[in-house]
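Thanks for coming. I will go through one model today, starting with a chain as a whole and then moving to a few places in it.

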Amino acid sequence: MLRVSARRTGRTIDLRAIVDPSVDSGLAAGGELLAFTDAAIDQDAGSMAEARRRLVETAGEEAALRAAAVAGNFQMMNRLLDAIGVRVRRSSMKLAEELGLSVPDHLHP
Amino acid sequence: MDHNEPTDQAANGVALEAISLPRREAEAIAAVVDSLVAPGPTLSGTRRRELATAARQALGDEAIHQSTDAELRLAVTMASAAHTIRPGDVERVLAAGLEPTTYVEILSLVARLVAVDTVHFGLGLDPIQLPQPVAGTPSGWVDAKAAIDGGWLPTVGPAAPPNALSLLPGEHQAMHDLHGALYLSVEEMADTDATRGLHRTQMELVAARTSLLNECFF
């Protein structure tokens, strides 16, 4: 969806940022969003507050709220798909290959 | 407790305040919390609360992973290591007597709990306190049309994100309610130019990174 959304709205994005946050995604507040996401998913109390502060400073409170909410939503969705055994889409297989990720056999379409 | 009280201090002494939840998100999270301690389709409110509590301990308590309680171990795995679940694991627990309906119910409550805990943590809010369990009989509300269709558990239609919990209509609706409040509704997802605090591309960046960290490849 990231690539689709970027293409349809005329945005240039470097998807490598998903696997390597040191890469500039090309999106506004991209670095701050990735740092916030990492702290939230890793449950890293030591860095969460600072990551939130940086994101608020860069993109505002509403952005931080939505980042937390989206991270939470995909925490839910990831668990649903993994525990029900939903197979990966072909488009995601292609993206995984581009990013150097290995999809487990049991999830292949 | 006032969730807007500063909960952290930066090294330079500037307060790092928590961000309070707007009404829509707060109501959605409150609905999740209430549902976690109320009777579900197969489990009592007391049991749902026990499993939710265990799921929360999953990250910090190694001993809980060795529990003899199969449902509890499943909840813990779903919370902390869902990406490690394999078809053989599901076959084993079902062969040992766990009903598919209960499996899906445990998944629903654990997945939604992790979601709301993540939101609170990310915003610097106090951890959610689970209320005392609500008495009552499990509803038995199951969709008889559900069948194995591409996944390991029954779904209504081919197993896919929108219908992962469709075996249990109440849990299915609860998931969609939360999904719409935190991210986008299924209908809103068609809008690749949506903006809701973040532009759609920024939301998808967070979603993609979350999924990578959870080793979920969908």
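What percentage of the 218 residues in chain B do buried residues make up? The figure is 51%, where buried means under 20% relative accessible area, exposed means over 50% and partly exposed lies in between, computed with a 1.4 Å probe on protein chains only.

Before going on, some ground rules. This is a predicted model, in which local features need pLDDT of at least 70 and side-chain atom pairs count only at pLDDT 80 or more, while totals for chains, interfaces and linings use all residues. Residues are numbered from 1 along each chain as its sequence is written, chains are lettered from A and ligands numbered from 1 in the order in which they are written, and side-chain values use heavy atoms, with hydrogens and water left out.

Chain B, then. Its secondary structure comes to 7 helices and 2 strands; these are DSSP runs numbered from the N terminus, with helices being H or I of at least four residues and strands being E of at least two. Along the sequence the pattern reads β-β-α-α-α-α-α-α-α. Take the contacts in chain B between residues at least 6 apart in sequence: 56% of them join residues at least 24 apart. Contact here means heavy atoms within 4.5 Å.

Next, a place where the two chains meet. Two packed helices are described by the angle between their axes and the distance between the axes. The crossing of α2(A) and α7(B) is right-handed, meaning that the near helix is turned clockwise from the far one by less than a right angle. On the α2(A) side the residues include A:Leu33, A:Leu34 and A:Ile41, and on the α7(B) side they include B:Gln202, B:Leu205 and B:Leu213.

What does B:Gln202 contact, beyond its neighbours within four places in sequence? The partners are A:Leu27, A:Ala28, A:Ala29 and A:Leu33. B:Gln202 counts as buried, at 11% relative accessibility. A polar atom of the B:Gln202 side chain lies 2.7 Å from the backbone oxygen of A:Ala28, and this side chain also reaches the backbone nitrogen of B:His199 at 2.9 Å.

A:Ile18 sits in the loop between α1 (2–8) and α2 of chain A. A:Ile18 is buried too, with a relative accessible area of 6%. Not counting residues up to four places away in sequence, A:Ile18 touches A:Leu2, A:Leu99, B:Leu205, B:Ala208, B:Arg209 and B:Leu212. A:Leu99 is 81 residues from A:Ile18 along the chain, with 8.6 Å between their C-alpha atoms.

Staying in chain A, helix α4 covers residues 61–84. Why call α4(A) largely enclosed by the rest of the structure? Because 22 of its 24 residues are buried. After α4(A) comes A:Gly85, with a positive phi near 85°.

Last, B:Asp177, in helix α6 (residues 169–182) of chain B. Its relative accessible area is 46%, so B:Asp177 is partly exposed. B:Asp177 and B:Leu36 are 141 residues apart in sequence and 15 Å apart in space, C-alpha to C-alpha.

Conventions:
Polar contact = N/O pair within 3.5 Å; in protein donor to acceptor, adjacent residues only side chain to side chain. Expected span 1.5 Å × (residues − 1).
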